[in-house]
Amino acid sequence: MSTQAPAPSRREQILKEAARLFAERGFHGVGVDEIGAAVGISGPGLYRHFPGKEAMLAELLVGISGRLLTGGKRRAAEGEGAGCAPAEVLDSLIEGHIDFALDDRPLIILHDRELDRLRDTDRKLVRSLQRQYVELWVEVVRKVYPRLAEAEARACVHAVFGLLNSTPHLGRPGALPGRAATATLLHRLALGAFDGAHGVDGAASEPKGRAAVDKESARRS
């Protein structure tokens, strides 16, 4: 039985190329004809899928915020359903966000640069989805690091997002280690940030393993 992922739909192809072009040249620097050419259809043909560039941008930014939240909820539910320790759930959340940060870099650039171009309703929806995603992390983080107050945990989550979302600025393509090595490094940095905020001894030099953090958290809580 084949395990290959289904081929992307034409709509998905359009969104992928629109994200790449918007990130490279800015929203106003890209025309509908160029997006169409990138996917092999005429510019006017795009209007069978989207009413305009603004709709593409909205779907990209609302869509990724929704996918992050949905993916985070799924990882948390699967971990809890399997009886995983909170630290393992946090590991899974970090892994999911790293996948986004490494594989969807154009969307990070778009969010930073073009969010204000969305209609108020779409921008508010993005913000609402993002707040829910942050609070999902805060709940898990406080289970792993019980000494962190809620406001401190929230600040840490935002800081870790900033760290992970820095991938578009880490260097030229090919200047970084391979994907697996970069993912491992980002994971260690994220855990190190949480460990340091919680005051885990030795966290500045070498983050402790997840089991060790669980034991220490249980002892200190």
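Author: Read along the sequence, the pattern is α-α-α-α-α-α-α-α-α, which comes to 9 helices and 0 strands. Helices (H or I, at least four residues) and strands (E, at least two) are DSSP runs, numbered from the N terminus. The model is predicted: local features need pLDDT of at least 70, side-chain atom pairs count only at pLDDT 80 or more, and totals for chains, interfaces and linings use all residues. Residues are numbered from 1 along each chain as its sequence is written, and side-chain values use heavy atoms, with hydrogens and water left out.

The largest pocket holds about 890 Å³ of space. On a 1 Å grid over the protein atoms alone, a pocket is an open set of points where a 1.4 Å probe fits, with protein on both sides within 12 Å along at least five of seven lines; lining residues have an atom within 4 Å of a point. Grid points are joined across faces, edges and corners, and a volume is the space filled by probe spheres set on the points.

The largest pocket is lined by 33 residues, and Ile 64, Arg 67, Asp 103, Asp 104 and Leu 107 are the closest to its centre. At least two lining residues come from each of H1 (10-25), H3 (53-81), H4 (86-103), H5 (105-114) and H6 (120-144). H3 gives the most, with 10 residues. By class, the lining has 15 nonpolar, 12 charged and 6 polar residues. Here Ala, Val, Leu, Ile, Met, Phe, Trp, Tyr, Cys and Pro count as nonpolar, Asp, Glu, Lys and Arg as charged, and the others, Gly among them, as polar.

The second largest pocket has a volume of about 400 Å³. Of its 18 lining residues, Leu 68, His 111, Gln 130, Phe 161 and Asn 165 lie nearest its centre. H3, H4, H5, H6 and H7 (150-164) each supply at least two residues of this lining, and H6 has the largest share, 6 residues. The classes here are 9 nonpolar, 6 polar and 3 charged residues.

Next, the packing of the protein. Of the 221 residues, 42% are buried (under 20% relative accessible area; exposed is over 50% and partly exposed in between, with a 1.4 Å probe and protein chains only). In soluble globular proteins, nonpolar side chains tend to be buried together. The largest nonpolar core has 61 residues, and Phe 22, Ile 35, Met 56, Leu 90, Trp 137 and Phe 194 have the most contacts inside it. Such a core is a set of buried Ala, Val, Leu, Ile, Met, Phe, Trp, Tyr and Cys residues joined through side-chain atoms within 4.5 Å.

Leaving aside neighbours within four places in sequence, Phe 194 is in contact (heavy atoms within 4.5 Å) with residues including Leu 90, Trp 137, Tyr 145 and Cys 156. Cys 156 counts as buried because its relative accessibility is 14%, whereas Cys 84, at 32%, counts as partly exposed. The structure holds 0 disulfides (pairs of cysteine sulfur atoms within 2.5 Å).

Val 39 lies in helix H2, and is buried because its relative accessible area is 11%. Not counting residues up to four places away in sequence, Val 39 touches Arg 10, Gln 13, Ile 14 and Glu 17.
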